[in-house]
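Please prepare a short briefing on the side-chain packing of the structure below, with the cut-offs behind each term.

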Amino acid sequence: EWEFTKEFFDGRRFGYFMQCKSDKVEVAEGDDVALGMGFWNSYDGSTSLQFRTFLVRLLCTNGMITKDYMNLMKFKHDKTSEDYEEQIIKAAKVVDNCGPDIETVVKKMRTMVETPCDLNELAVIRNSHLSDIPVTLWGKISSNFLNKESDKILDGEAKIWDFYNSCTNVLWHEEKPTMASFEHNQRITDTFLNAAS
């Protein structure tokens, strides 16, 4: 079962997102993720018609987009729509067969749940892993993390999972998202998942 979660339109590009209601996987106690799927298209040719799978954190409905671990399918899109039906069937099979991808990502997320994150670790993340993230975005994410997780930080109990969720929270729930919001989401997600290896 699927439900609509979000749509995006900037005048040129359109995105439509749904999440699975019937299945979920536990990352930590009381903290589950579900499969999401998104569709993209554009009116100016800047984005090809595409379909991707991703994960949604159910506690806060943050979308977690990854290029490295989940599927992205681009469709041939011209006036003839040749082989279009076959491509749609292929996309449906991607959803049916993404269980191993979900298991891989969730395993890495569980590593994040166990990995401490103090202010020294934040400095390492910023300088070594996310140095190309714009300063204003870094400020929003850091502020979100420090405000939401202040008790955990003071008690030395904050984890990388908490910081990562501040990242996706800021990017997924922006009042006026841009394409860069989704690109940064993907970049940050892949950085943390790859580090969890």
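P100 is placed in helix α2, where helices (H or I, at least four residues) and strands (E, at least two) are DSSP runs numbered from the N terminus. At 53% relative accessibility P100 counts as exposed, given that buried means under 20% relative accessible area, exposed over 50% and partly exposed in between, with a 1.4 Å probe and protein chains only. This is a predicted model, in which local features need pLDDT of at least 70 and side-chain atom pairs count only at pLDDT 80 or more, while totals for chains, interfaces and linings use all residues. Residues are numbered from 1 along each chain as its sequence is written, and side-chain values use heavy atoms, with hydrogens and water left out.

**Helices α2 and α6**
- The C-alpha atoms of P100 and I160 are separated by 23 Å, the two residues being 60 apart along the chain.
- The axes of helix α2 (residues 99-114) and α6 come within 5 Å and cross at roughly 115°; axes are lines fitted to C-alpha atoms, for helices over the stretch in contact, and angles run from 0 to 180 degrees between N-to-C directions.
- Helices α2 and α6 are therefore roughly perpendicular to each other, since angles of 65 to 115 degrees carry that label, under 35 being roughly parallel, over 145 roughly antiparallel and the rest oblique.
- On the α2 side the contact (heavy atoms within 4.5 Å) is made by M109, M112 and V113, and on the α6 side by I160, W161 and Y164.

**Aromatic residues**
- There are 17 aromatic pairs, counted when ring centres of Phe, Tyr and Trp (its six-membered ring) lie within 6.5 Å, with planes under 30 degrees apart called stacked, over 60 edge-to-face and the rest tilted.
- One of these pairs, W40 and F182, is edge-to-face, at 5.0 Å centre to centre and 80° between the planes.
- Because W40 lies in strand β4 (residues 31-42) and F182 in helix α7 (residues 179-195), the pair ties together parts that are 142 residues apart in sequence.
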